[in-house]
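Me: I have a chain open here and want to go through its packing bit by bit. Can you take my questions as they come?

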Amino acid sequence: MSTEKDVSPLTPNIVRALNDKLYEKRKVAALEIEKLVREFVAQNNSTQIRHVIQILASEFALSQHPHSRKGGLIGLAACSIALGKDSGLYLKELIEPVLTCFNDADSRLRYYACEALYNIVKVARGAVLPHFNLLFDGLSKLAADPDPNVKSGSELLDRLLKDIVTESNKFDLVAFVPLLRERIYSNNQYARQFIISWIHVLESVPDINLLDYLPEILDGLFQILGDNSKEIRRTCEVVLAEFLKEIKKTPSSVKFAEMANVLVIHCQVADETKLTNDLIQLTAMTWMREFIQHAGRAMLPYSSGILTAVLPCLSYDDRKKNTKEAASACNHSLMKLVTPEDDDDDDAEEEEEEEEEKSGSTGTPSREDSQLKTETGGSDVLNMSQESVGFSNISFFAPGGAERPQVTLDLDGIVQVLDRHLHDASTGMMTRIAVLKWVYHLYIKTPRKMFRHTDGLFPVLLKTLSDESDEVILKDLEVLAEIASSPAGQSDRSGSCDGADGKLALRVPESIKPGQPPPAGSKASDASPSTPSMNSYFYKFMINLLKRFSLERKLLEVRGAFIIRQLCLLLHAENIFHSMADILLKEEDLKFASTMVQTLNTILLTSTELFQLRNQLKDLRSQESCALFCCLYRSWCHNPVATVSLCFLTQNYKHAYDLIQKFGDLEVTVDFLMEVDKLVQLVESPIFTYLRLQLLDVENNPYLIKALYGLLMLLPQSQAFQLLSRRLRCVPNPELMRTVDESKYMESEERAVSGRSSHTQMDYLELLRHFDLVQSKHLEVRHQRSGRASDLPDRKFM
């Protein structure tokens, strides 16, 4: 200092002592400054007080000399002590130079700065709250200080400041949140500890409603939850638990929509090797569960994101049991939010469009204009329903008693997520089941909207039938059955659909009303002349299913019977067999047609699910049952033995005998004999109990006995031969098996069918001609194959 007036009213002795390197001398100078300032306070001389503080700040605390800076810090603290309750008037001048010293390179000086600020804050108490952001910012830096003494001093100051905030009702939370949002993303462990401790304190203060600002810090809290420090994680868990507890108490004041996407992000694990990620995911999933339960339909716009996070968790093993259970609860709760009212939006949109058209028209629209509007209206509705919903369009959860905002189900996004999981080969079994449950649920609750996505979902649903899990296949069949039978599928927009493998272009028949004949030349009359009416996707399903069986023979062998039996439970068994018989009648691959008929025949004769259909075919007493028999018969002709078994089932024994007579003209192969062997085994099964009992009535059933003897003559001396031979030896009065007079047999036949109405009579000669025609095609194909084989060069054996 060049002159004494530069530092007045400080005396030269005070100045010298403040610049001394010894702490004791600087302390003596501080006591003198305190005494001096007290005098100015007594005189109410604020000018001199400010002058002293300015000198201590500029000439000492901000000096280039370290000892001078230390002297300035202790002098500023002495001023604050002297000012007492009046220190609040000078806090800005007192605090700012001290905070500047927090950045000093000398750790001892940072410690003295912390000590000085502690004394200033201790005196001012609540008066420091207007400067809280400055203090918090400085403390957050000291919390990560490498020097333990500085860190210890900052902790003392931190506790003091927390006490002041807790006991005050003037804390400015609005001004503090932006700083908190910025600092919460610090990666420093000590800074995170400092931040989370402050959030914990603020959350516990009754007069501070931090829940209103939770959307701004929630993401940062989940970041802190992944810290490597166990203590920090535990504190963060406590804080999040307290917030969640408060959310459950006051859901009407919670901004669910603003936090939904944050939870979606943290419900997804980026690195499964980190144990902390498991904690983040479990916590986020728990929050999501509570959000869905308390926010209700307000969460629907975020359904696609929620499902993206939740569905993979459903396939977790027991190591993540808690996360899996929370995800399952989220999934079920979210599914319950989808209701039939989500399928009604189209009506309102169409009405609005009609009103706009009416109000915008200047005259009566022409017929062509009306037709054009009708044709284009559907696409407009579709585009409107596919608009994405962002945060700006979502209202907060409405308080109790207020009218809740209209929410829109993000159906397009949901279907996209479900479709992606079905296509992903790595998707776990439980996830696939959950996806299919969602698809089924959406078809039940929002069928009209879902049928817009059917053409896109159909191939992957068919492909899923090849899944390794029976549970997945069962649920997949439920979905396909719902698609095939839903009234919403009664549409003329069927068009064409690629097969499951993209190789088959289908012409889908239009749905025909029951009892109404199809128009001449229509697709329905060409593709399915006798299939009972279902919706436009039923026949498409049957064609694609048989196509998949044709392309994947292993699927037919391993799961074919299982799939068809389940479909018979889910849909009407008669419809299944009726439609498949129609399709197989036009099948070009005759070998596949024969194999498929054999499979269907085995299912028909052995499955408990087909009990009612078998009873319907046993007695051909109605026009419907006769039509069904004729339909099946024409396709069953692809397999001679299956055709005979169908005649046995329907008690057409004479026709069965006529068919067996023709077996002599067929090529008898090992496969053919094996099928006859299986038929003999079926005759001995409970299914044909009525047939075996009819053997007792020899006089009225001569052709049944002849047909069985015909099978016996076809068999070689095998176990099946012995079995059937023993059965026929049990027939009473063998001499009655001689050829009976045809007129007497016709009389018995007339008595047998006296209960049948006239319209149930069938042209059996025409059926025999059809059998001959089909078998000739099979024979021609076999000859062509054998001809190609004969064209191969002969092999010479040495």
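Me: Start with α2 and α3. At what angle do they pack, and how far apart are their axes?
Reply: This is a predicted model. In it, helix α2 (residues 23-43) packs on helix α3 (residues 46-61) at an angle of about 155°, and the axes are 9 Å apart.

Me: Roughly parallel or roughly antiparallel, then?
Reply: Roughly antiparallel, because the angle between α2 and α3 is over the 145 degrees required for that label.

Me: Which residues make the contact?
Reply: From α2 they are I33, V37, F40 and V41, and from α3 they are Q48, I49, V52 and L56.

Me: And by class, how many are nonpolar, polar or charged?
Reply: Seven residues in the contact of α2 with α3 are nonpolar, one is polar, and none is charged.

Me: Switching to aromatics. How many aromatic pairs are there?
Reply: The count is 23 aromatic pairs. One of them is F451 with Y537, at 5.5 Å centre to centre with 45° between the planes, which is a tilted pair.

Me: Where do F451 and Y537 sit in the chain?
Reply: F451 is in the loop between α21 (447-450) and α22 (454-463), and Y537 is in the loop between α24 (523-527) and α25 (538-551). They are 86 residues apart, so the pair links distant parts of the chain.

Me: What about F458 and F541, what kind of pair is that?
Reply: Edge-to-face, because the planes of F458 and F541 are at 85° and the ring centres are 6.4 Å apart.

Me: Which lysine lies over the face of F458?
Reply: K540 does, at 5.8 Å from the ring centre. Elsewhere, the charged end of K475 sits over the ring of Y440, 6.0 Å from its centre.

Me: Which rings are linked into a cluster?
Reply: F132, F136, F171, F176, F194 and W198 are joined by ring pairs into a cluster.

Me: New topic, α15. How many of its residues are buried?
Reply: Six of the eight residues in helix α15 (residues 303-310) are buried, so the helix is mostly covered. The buried ones are S303, S304, I306, L307, A309 and V310.

Me: Take S303. What does it touch, leaving out residues up to four places away in sequence?
Reply: L334, L409 and I414. S303 is in helix α15 and counts as buried at 0% relative accessibility.

Me: Last one, C114. Where is it found, and is it buried or exposed?
Reply: C114 is in helix α6 (residues 107-124), and it is buried, with a relative accessible area of 1%.

Me: What is C114 in contact with, beyond its neighbours within four places in sequence?
Reply: F102, L142, G153, S154 and L157.

Me: And how far is C114 from L73?
Reply: C114 and L73 are 9.3 Å apart in space, C-alpha to C-alpha, and 41 residues apart in sequence.

Notes:
Residues numbered from 1 in each chain as written. Predicted model: local features only at pLDDT ≥ 70, side-chain atom pairs only at ≥ 80, totals over all residues. Heavy atoms only, no water. Phe/Tyr/Trp six-rings, centres within 6.5 Å; stacked < 30°, edge-to-face > 60°. Helix = DSSP H or I, 4+ residues; strand = E, 2+ residues; numbered from the N terminus. Lys NZ or Arg CZ within 6 Å of the ring centre and 35° of its normal. Axes fitted to C-alpha atoms, helices over the stretch in contact; angles between N-to-C directions. Parallel < 35°, antiparallel > 145°, perpendicular 65-115°, else oblique. Contact = heavy atoms within 4.5 Å. Nonpolar A, V, L, I, M, F, W, Y, C, P; charged D, E, K, R; others polar. Buried < 20%, exposed > 50% of the residue type's maximum accessible area, 1.4 Å probe, protein only.
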